[in-house]
Amino acid sequence: MPETVLVTGGAGFIGSHTCVELLDHGHEVVVVDDFSNSSPGAVDAVMKLAGRPLTLHHADLRDRAALDAVFVDHDINAVIHFAAKKAVGESVRIPLDYFDINIGGTTALLRTMNDHGVHRLVFSSSCSIYGDTSKVPLDEDDPAGPTNPYARTKYICEQLLGDACVRYPEMSVIALRYFNPIGAHPSGMLGEDPTGVPNNVLPYMAQVAVGRLDELPVFGNDYPTPDGTCIRDYIHVVDVADGHRVALDHLDDEPGLRVFNLGAGRGASVLELIAEFGRAVGRPIPYRMEGRRSGDVPMLIADPGRVERAWGWRTTRDLTAMCEDAWRFQRLNPSGYPAT
Ligand code: NAD
Ligand code: WQD
């Protein structure tokens, strides 16, 4: 059934890919974004790719009057809530901003949804809530143990969503805990365009490949893994977007809060990722070994079984596709989206 979906943070990396997926499947899309970590160029690319428009509201999620106006203007059936700050290191430096935007933004959204009788929500959660763990793979019943303010905001939001569902039994909320989303739309028109020096490994190596940065620092080669570098469960951003579209279809299966991992269920080391990305680029990626980055754990891999059992859903795109698609976007857009 076509729905009118509010996508908060719809201009961001995962949000923009999800908007394309929703438009391609006949949904109407309303985006609220303040462009604090994205650009209107991403929204233009979404509309170009999908061949039809979405409605854009340039607003801060915490602006209750602006958010209320969005719900007055549109007959919203469901919300996908991406808008948040997401840099772990930054969250240690400016935790109050993270509390304000990630938790305050979520409560502002919940209040406005409640005021307008909208009870269906898909929430962006994160594998980071599992914290410093050596268990492999991780399933949704494993204990949470967030180790930094960013991860804590995601865990607190999951908990407050659970509490809200108890008070309002008509609510249906799906929290998706993504592992490491990378890649880009295969068209090369949509991808990851972080502001400043990238924190994450794939956008960093993509900027090395395009000559914007000299070489990739590899944080630690003395971990208890086969090649000594950390292993992560990389998932193609188009699979993440598809997972949201499918989650929307399952919101009415049952009320209350449900939590699902979104991951591939297999891992790649930093050196394996460098080698795969080098194959996509056609030449080796320059890198240098550095010491461990504080807070990194050796291995994080999802048990993707719950979502597969519930919805028959699994990832379909491999590491080669992730690297080839990310490189296509970076090659075609060496300086990111054009300023509009
Ligand atoms: P992103 O920064 O590219 O996208 C977030 C978007 O939200 C941006 O467009 C930003 O401008 C917007 N935004 C931020 N604060 C806002 C506010 N107060 N009001 C309105 N808009 C606001 O990040 P992303 O990688 O697309 O991540 C999306 C969501 O997924 C986030 O909640 C993030 O915590 C979560 N997540 C991301 C990853 C990852 O590795 N990318 C992994 C797990 C979870
Ligand atoms: C991956 C691997 C680094 C940069 C983060 C968040 C997590 C979630 C996903 C939001 C690690 C190594 C990195 C570099 C490197 N996001 N690395 N050189 O830390 O697994 O997860 O994104 O929810 O919360 O913490 O991702 O891409 O930063 O790092 O060697 O320049 O690459 O040490 O082993 P991470 P990442």
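**Around ligand 1**

Author: Sorted by residue type, the shell around ligand 1 holds 14 nonpolar, eight polar and five charged residues. Keep in mind as we go that this is a predicted model.

That shell has 27 residues, and the ones that come nearest to ligand 1 are Asp-33, Asn-37, Ser-38, Phe-82 and Tyr-150. If you want polar contacts to look at, start with Lys-86: a polar atom of its side chain sits 2.8 Å from an oxygen atom of ligand 1. Asp-60 also reaches in with its side chain, putting a polar atom 3.1 Å from a nitrogen atom of the ligand. Gly-12 uses its backbone instead, with an N or O atom 3.2 Å from an oxygen atom of ligand 1. How much of the ligand ends up covered? On its own, ligand 1 has 820 Å² of accessible area, and the protein covers 94% of that.

Now for the elements behind the shell. H1, S5 and H6 each give at least two residues to it, and S5 has the largest share, with three. To place those elements, go to the sheet. It's an open sheet of seven strands, ordered S3-S2-S1-S4-S5-S6-S11, with parallel pairing. Strand S3 (55–58) and strand S11 (256–262) are at the edges with a single partner strand each, so one side of each has no neighbour in the sheet. From one strand to the next, the twist averages 20°.

Within that order, S1 (residues 4–8) and S2 (residues 28–33) run parallel and are joined by five bridges. Val-7 is opposite Val-31 of S2. Helix H1 (residues 13–24) lies across S1, S2, strand S4 (78–81) and strand S6 (172–178), at about 165° to S2. Helix H6 (residues 149–167) packs on the sheet too, touching strand S5 (120–126), S6 and S11, and its direction makes about 155° with that of S5.

Two backbone details are worth a click while you're here. Most residues other than glycine have a negative phi, and most peptide bonds are trans. Phe-35, which is not a glycine, has a positive phi of about 60°, and its place is in the loop between S2 and helix H2 (40–50). The peptide bond from Val-136 to Pro-137 is cis, with omega near -10°; Pro-137 belongs to the loop between S5 and H6.

Your ligand isn't alone, either. Tyr-150, listed among the nearest residues for ligand 1, is also among the closest to ligand 2, along with Ser-126, Pro-217, Arg-232 and Asp-296. An N or O atom in the side chain of Tyr-150 is 2.5 Å from an oxygen atom of ligand 2. Taken alone, ligand 2 exposes 680 Å², of which the protein buries 89%.

The shell around ligand 2 has 20 residues, dividing into twelve nonpolar, five polar and three charged. Helix H7 (201–209) and strand S8 (216–219) are the elements that give two or more residues to it, and S8 gives the most, with four.

Note on methods
Residues are numbered from 1 along each chain as its sequence is written. Chains are lettered from A and ligands numbered from 1 in the order in which they are written. This is a predicted model: local features need pLDDT of at least 70, side-chain atom pairs count only at pLDDT 80 or more; totals for chains, interfaces and linings use all residues. Side-chain values use heavy atoms; hydrogens and water are left out. A residue is near a molecule or strand if one of its heavy atoms lies within 4 Å of it. A polar contact is a pair of N or O atoms within 3.5 Å; within protein, one must be able to donate a hydrogen and the other to accept it, and residues adjacent in sequence count only if both atoms are side-chain atoms. Accessible areas come from the Shrake-Rupley method with a 1.4 Å probe; for residues, only the protein chains shown count as cover. Ala, Val, Leu, Ile, Met, Phe, Trp, Tyr, Cys and Pro count as nonpolar, Asp, Glu, Lys and Arg as charged, and the others, Gly among them, as polar. Two strands pair if DSSP finds at least two bridges between them. Axes are lines fitted to C-alpha atoms, for helices over the stretch in contact, and angles run from 0 to 180 degrees between N-to-C directions. Contact means heavy atoms within 4.5 Å.
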